[in-house]
Amino acid sequence: MSFLSKVEKVLSARELLYTLLLVAVIAPILSPIGLPIGISSRTRDVYNYIENNLKPGCHVYVEVYYEVAARGELEPALMALTKQFFDKGCKIVYGSLISTGPIVFSLMLAGAPDIFAGKEYGKDYVFLGYISGGESAAASLAKSIKGTVKVDNYGNPLETLPLMKEVDSATDFDLVVIVSSGTDTFNYYVRQWYTPYHTPLLFAALSVIAPSIEPFVGAKQAIGMIVGQRGAAEYELLVGRKGLGIASMDAQSISHLLIIVFIVLGNVVYWGMRVTSRGGGRK
Amino acid sequence: MVVRRVLPQFIVSLVIILMLIFYFFYINDDVAKTFSADDKALSDWAVIISSFALIVGGVDIFRFHLTQLRRGGLKQAPFSVVTLIAELTMVVFGAYGLALSYLNPALGITITTQPQFRWLYTYVYAPSDSAMYSILVFYIASASYRAFRVRNPMALLLLIVAIIVMLGNTSLGALIWPGFLPLRDWIMTIPNTAAFRPITIGAGLGVIILGLRMLVWREVSWMGRRE
């Protein structure tokens with residue numbers, strides 16, 4: 001067996017890649033390297049839009065649409081955005097078109113006591129809970145929230161909540177944020193909130209979803225997009241609250257680098273073997 | 001024939017026509033208000049029906065696994081038993097929470113805030129869900145290593161773009177070359193959008209055609225029929 005074949009065999013062993021990947025993910029989390037994180041112009045544009053366009057007392061609707069599996073990538077963005085909205089004096093109505101919404105919202109609430117400190121439920125923020133019906137529910141909420149759901153996630157009648165006396169339909173909101181691990185949710189809000197009412201939309205999406213919803217941002221149907229772990233980390237830096245997004249960036253960098261090294265080495269060996277076999281053929 | 005085929009198709013056609021009228025037609029403000037209210041009523045029906053569909057789904061899973069227990073043999077039995085126990089447990093605690101929200105609203109307990117339901121979700125479902133998703137990293141890494149072989153110029157282009165986007169997504173990329181981040185953004189906003197926009201438009205046109213086919217009774221697959 002030639003040297004290159006031996007290298008190919010070693011690289012192809014899943015155990016090696018899996019072990020190295022495990023170390024590459026865990027080690028930087030246990031012992032952060034602190035690699036500097038640059039802020040992309042796209043994330044800064046989103047931050048600047050909120051800073052320049054939302055005034056104290058403004059109203060924001062936030063769609064919490066992700067499962068626990070996507071929490072690591074989306075929750076940091078949700079927390080950072082919530083902090084910015086509260087810092088700006090905005091009031092937030094959270095809702096969820098996915099059944100896992102109430103649980104991930106409660107996890108977010110438990111993980112950000114500093115953000116919600118001093119904020120009164122019902123006055124500064126409200127959580128509607130899970131609303132079934134997908135796009136039909138989004139359409140119905142856009143027309144009238146109180147006409148769609150009667151009580152919030154905790155069983156409080158919406159008429160008794162001061163914030164819900166200020167808002168009811170899509171036109172009452174200055175911004176709608178969709179934090180979603182699915183592609184369809186963004187389509188729902190573009191079709192049911194932006195197209196008929198022109199309510200500005202902001203997307204927070206998984207890296208893997210971002211390419212498919214990019215056309216909406218390009219067509220100005222959304223004011224911008226926070227993409228994946230990196231976008232969340234950048235936003236945490238911008239709002240000045242270091243969280244899970246920044247903490248995971250080192251792990252993401254090292255694991256990505258490891259995969260790139262494996263891909264490059266794999267190709268070097270592949271081409272080395274091809275050239276060697278051709279050379280052998282000529283002899 | 002009439003009940004199983006004609007009536008459902010008639011209802012679907014009627015709903016499509018009504019939705020089109022409510023959404024697109026404007027006569028005057030009063031009519032528009034009425035249309036808007038009717039449109040909302042139809043959307044609300046969909047919300048209510050989908051809520052009941054969830055119950056049907058739950059019952060169906062239960063029935064399916066009961067059947068599996070009877071016919072599936074020993075190999076399938078453990079999985080079906082776990083599913084049935086898990087479903088029953090969550091339903092019992094959820095129903096208890098729902099009952100409390102009506103019987104004693106002062107407690108502020110609902111389905112999702114019922115302590116046992118919440119505990120099971122947070123400490124059983126959530127870690128399992130996260131673990132399943134996390135395992136993907138190993139498969140993706142392994143698949144990337146095998147798939148990104150430069151066998152032709154197109155594969156080389158794909159590899160270069162993949163590496164730029166990967167490095168652009170990391171903080172390490174900027175240390176290697178500051179241009180990775182703007183280059184990633186350019187790839188995402190220009191070539192990527194150019195590729196995805198036709199797909200999005202195509203899907204939109206597909207939905208319109210599907211709606212038209214349903215309107216004229218040509219589309220029957222939603223009734224479980226082939227033609």
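**Exercise 1.** Explain why helices H2(B) and H3(B) are classed as roughly antiparallel to each other.

*Solution.* The model is a predicted one, in which local features need pLDDT of at least 70 and side-chain atom pairs count only at pLDDT 80 or more, while totals for chains, interfaces and linings use all residues. Residues are numbered from 1 along each chain as its sequence is written, and chains are lettered from A and ligands numbered from 1 in the order in which they are written.

Step 1. Identify the elements: H2(B) spans residues 29-71 and H3(B) spans residues 73-103. Helices (H or I, at least four residues) and strands (E, at least two) are DSSP runs numbered from the N terminus.

Step 2. Take the geometry: the two axes come within 9 Å and cross at roughly 150°. Axes are lines fitted to C-alpha atoms, for helices over the stretch in contact, with angles from 0 to 180 degrees between N-to-C directions.

Step 3. Apply the classes: under 35 degrees is roughly parallel, over 145 roughly antiparallel, 65 to 115 roughly perpendicular, and the rest oblique. H2(B) and H3(B) are therefore roughly antiparallel.

Step 4. Locate the contact (C-beta atoms, placed from the backbone, within 7 Å). H2(B) contributes Gly58(B), Ile61(B), Phe62(B), His65(B), Gln68(B) and Leu69(B), and H3(B) contributes Gln76(B), Ala77(B), Ser80(B), Thr83(B), Leu84(B) and Glu87(B). Five of these residues are nonpolar, six polar and one charged, where Ala, Val, Leu, Ile, Met, Phe, Trp, Tyr, Cys and Pro count as nonpolar, Asp, Glu, Lys and Arg as charged, and the others, Gly among them, as polar.

**Exercise 2.** Carry out the corresponding analysis for H7(A) and H9(A).

*Solution.* Step 1. The axes of H7(A) and H9(A) come within 8 Å, and their crossing angle is roughly 25°. These helices are therefore roughly parallel, and their crossing is right-handed.

Step 1. On H7(A) the contact involves Gly134(A), Glu135(A), Ala138(A), Ala139(A) and Ala142(A); on H9(A) it involves Tyr188(A), Tyr189(A), Gln192(A), Trp193(A) and Tyr197(A). The division by class is seven nonpolar, two polar and one charged.

**Exercise 3.** Describe the sheet of chain A and the strands at its edges.

*Solution.* Step 1. Chain A contains 12 helices and six strands. Six strands form an open sheet with parallel pairing, in the order S3-S2-S1-S4-S5-S6; to pair, two strands need at least two DSSP bridges.

Step 1. S3 and S6 of chain A are the edge strands, each pairing on one side only. Neighbouring strands are turned by 15° against each other on average, direction ignored.

Step 2. Follow the pairings. S2(A), residues 91-96, is joined to S3(A) over four bridges, with Val93(A) opposite Val126(A). S1(A), residues 59-65, and S4(A), residues 175-180, share six bridges, and Val60(A) has Leu175(A) as its bridge partner. S5(A), residues 201-205, and S6(A) are joined by four bridges, with Leu202(A) opposite Gly224(A).

Step 3. In S3(A), residues 125-130, six of six residues are buried. In S6(A), Gly224(A) and Ile226(A) point one way and Met225(A) and Val227(A) the other, and all are buried. In a regular strand, side chains alternate between the two faces of the sheet.

**Exercise 4.** Describe the contact between chains A and B from the side of chain A.

*Solution.* Step 1. Chain A supplies 52 residues and chain B supplies 48 residues.

Step 1. H12(A) gives the largest share of the chain A side, 12 residues.

Step 2. By class, the chain A side has 24 nonpolar, 22 polar and six charged residues.

Technical notes
Two residues are in contact if their C-beta atoms, placed from the backbone, lie within 7 Å. A residue is buried if 20 or more other C-beta atoms lie within 10 Å of its own, exposed if 12 or fewer, and partly exposed in between; C-beta atoms are placed from the backbone. A crossing is left-handed if the near helix is turned anticlockwise from the far one by less than a right angle, and right-handed if clockwise.
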